[in-house]
Amino acid sequence: MSKGSVRVSVIGAGASGMAGAISSAMAGACVTVFEHRESPLKKLLITGNGKCNFTNKSIDRSCYHSSTDEGFIDELLSGFNTDDCIAFLEGMGIRARERRGCLYPYPDTAESVRSALLMQAKSLGITIITDCGDMDVRECDDGTFSLNCKGQTYVSDSLIIACGSCVSPNTGSDGSGYGLLRQLGADLTDISPALTPLVTLEDLTSIKGIRCDAALKLLDAKGSVVEVSSGELQPFDGGLSGICAMDISSAACRMLKRGDRAFVEADLYPVTDDEGFMDEIKSRMRLFPDRDLAGCLIGLFPKKLINYLVHPVDTRREDYLDNLLKRVKHLRFELKEEMTEDFSRAQTVSGGVPLCDIDQHCMLKDHRGIYVTGELLDADGICGGYNLHFAFATGCIAGKSAAGSLV
Ligand SMILES: Cc1cc2nc3c(=O)[nH]c(=O)nc-3n(C[C@H](O)[C@H](O)[C@H](O)COP(=O)(O)OP(=O)(O)OC[C@H]3O[C@@H](n4cnc5c(N)ncnc54)[C@H](O)[C@@H]3O)c2cc1C
């Protein structure tokens with residue numbers, strides 16, 4: 001048991017909950033973590049394809065979406081930046097390695113981060129109660145909190161709610177945290193999937209499975225650009241996946257949820273502008289006079305993609321190269337509204353507790369002593385370690401404050 005005058009209860013033993021528990025205990029609090037699954041940190045194990053991309057070398061406000069932020073994210077990142085995140089894990093023995101700006105544990109295994117967090121919790125005397133079941137949590141008149149778990153009552157001075165979202169229910173993040181927050185009187189904005197594939201009206205079975213570099217623009221019905229992204233694109237039968245598609249999915253879902261139409265324009269040859277592409281194709285046609293149009297594209301795109309791009313282009317028309325240009329660099333898809341209801345392939349959510357409802361230490365402004373962290377907050381990051389960074393940052397800051405060390 002950790003010794004300390006302040007009693008802190010953490011509900012949810014995920015990334016943000018464990019960070020909150022550890023930083024609270026390091027600040028001297030007596031900490032108990034309640035986890036409704038049989039083991040802690042199950043989601044962490046599947047992050048970054050099992051490698052756990054836990055932060056990024058370059059991190060700022062533009063890496064996050066939130067419709068309720070009034071300066072919280074800027075302040076959070078200035079109090080907990082990339083170096084702080086590395087130092088937090090390094091303090092438990094995790095050496096970091098970097099790949100294209102993304103930071104991973106040196107052994108490239110999420111398991112190593114999980115083990116280090118659990119060993120740190122153990123040496124700080126943090127109690128972790130697993131299989132805690134449905135908890136009855138109440139605010140008492142004297143400002144403390146009573147938590148009923150397995151027939152036993154626990155009293156605490158501060159409460160950190162770190163239950164994740166409704167994404168990945170098999171890891172324990174099953175949406176039950178939203179009910180708990182509502183029961184305690186917190187407001188929530190609408191939840192929709194984020195970092196999820198884009199579902200298109202067009203069936204893309206013919207190019208399913210290919211990978212290519214792309215630059216994407218998310219457009220509204222008037223053709224105005226709402227958001228841009230670039231990276232690897234991976235079409236599947238129902239639409240577009242890959243990092244660049246997932247990165248604009250949060251904004252796309254929010255548009256569709258409002259009832260707006262949303263379109264994606266893909267530039268499948270982002271290494272040059274339109275003129276550069278036209279010059280390249282014309283020079284290839286001169287160089288390979290015996291090849292057809294598809295043959296001239298060999299070496300630029302995968303074969304399946306060439307067939308898809310060239311098939312509707314009528315080479316008997318005078319403007320056929322303009323049509324090819326349109327398909328290669330301005331390929332447009334309309335997105336389906338149903339993608340806003342499908343959380344099964346999402347990595348996180350947009351929406352949650354409004355950031356304007358919490359103070360700079362993640363405490364609910366209207367509920368003294370109740371802190372909210374991680375995915376339960378209305379902020380979602382793009383791909384690249386930004387969501388775990390947010391989870392660790394909010395956990396560490398809430399933990400310290402809950403222990404009384406920041407007040
Ligand atoms: C497949 C996948 C890959 C990802 N890869 C990355 C990546 O590489 N980099 C990155 O930055 N982000 C990644 N993420 C996102 C990242 O995992 C989350 O943003 C982060 O884990 C959120 O932390 P959290 O503490 O808010 O929630 P979680 O990690 O989900 O933890 C919540 C915990 O609370 C418990 N819980 C829930 N409800 C209750 C309750 N009522 N009572 C008690 N316990 C409860 C859950 O069982 C769980 O243990 C990925 C997500 C997924 C799904």
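Predicted model: local features only at pLDDT ≥ 70, side-chain atom pairs only at ≥ 80, totals over all residues.

Reader: What makes up the secondary structure of the chain?

Author: The chain has 12 helices and 21 strands. Its C-alpha atoms fill a box of roughly 85 × 45 × 35 Å along the principal axes.

Reader: What share of the residues in the chain is buried?

Author: Of the 407 residues, 56% are buried. The chain exposes about 17900 Å², and carbon and sulfur atoms supply 47% of that area.

Reader: Among contacts between residues at least 6 apart in sequence, what percentage joins residues at least 24 apart?

Author: The figure is 72%.

Reader: Why are helices α2 and α12 called roughly perpendicular?

Author: Helix α2 covers residues 72–79 and helix α12 covers residues 386–402; they pack at an angle of about 80°, with their axes 10 Å apart. Angles of 65 to 115 degrees count as roughly perpendicular, and α2 and α12 are therefore described in that way. On the α2 side the contact is made by F72, L76 and L77, and on the α12 side by H389, F390, A393, T394 and I397.

Reader: Why is M339 called buried?

Author: The relative accessibility of M339 is 2%. Buried means under 20%, so M339 counts as buried. M339 lies in a loop, between β18 (331–334) and β19 (348–350).

Reader: Which residues are in contact with M339, leaving aside its neighbours within four places in sequence?

Author: They are P193, T196, P197, L198, V199, S249, A252, C253 and L256.

Reader: How far is M339 from A21 in sequence and in space?

Author: M339 and A21 are 318 residues apart in sequence and 35 Å apart in space, C-alpha to C-alpha.

Reader: How do you know whether S146 is buried or exposed?

Author: The relative accessibility of S146 is 12%. The cut-off for buried is under 20%, so S146 counts as buried. S146 belongs to strand β9, residues 145–149.

Reader: With which residues is S146 in contact, leaving aside its neighbours within four places in sequence?

Author: S146 is in contact with D136, V137, R138, C140, T153 and Y154.

How values were computed: Residues numbered from 1 in each chain as written. Heavy atoms only, no water. Helix = DSSP H or I, 4+ residues; strand = E, 2+ residues; numbered from the N terminus. Buried < 20%, exposed > 50% of the residue type's maximum accessible area, 1.4 Å probe, protein only. Contact = heavy atoms within 4.5 Å. Areas by Shrake-Rupley, 256 points an atom, 1.4 Å probe, with all protein chains shown as cover. Axes fitted to C-alpha atoms, helices over the stretch in contact; angles between N-to-C directions. Parallel < 35°, antiparallel > 145°, perpendicular 65-115°, else oblique.
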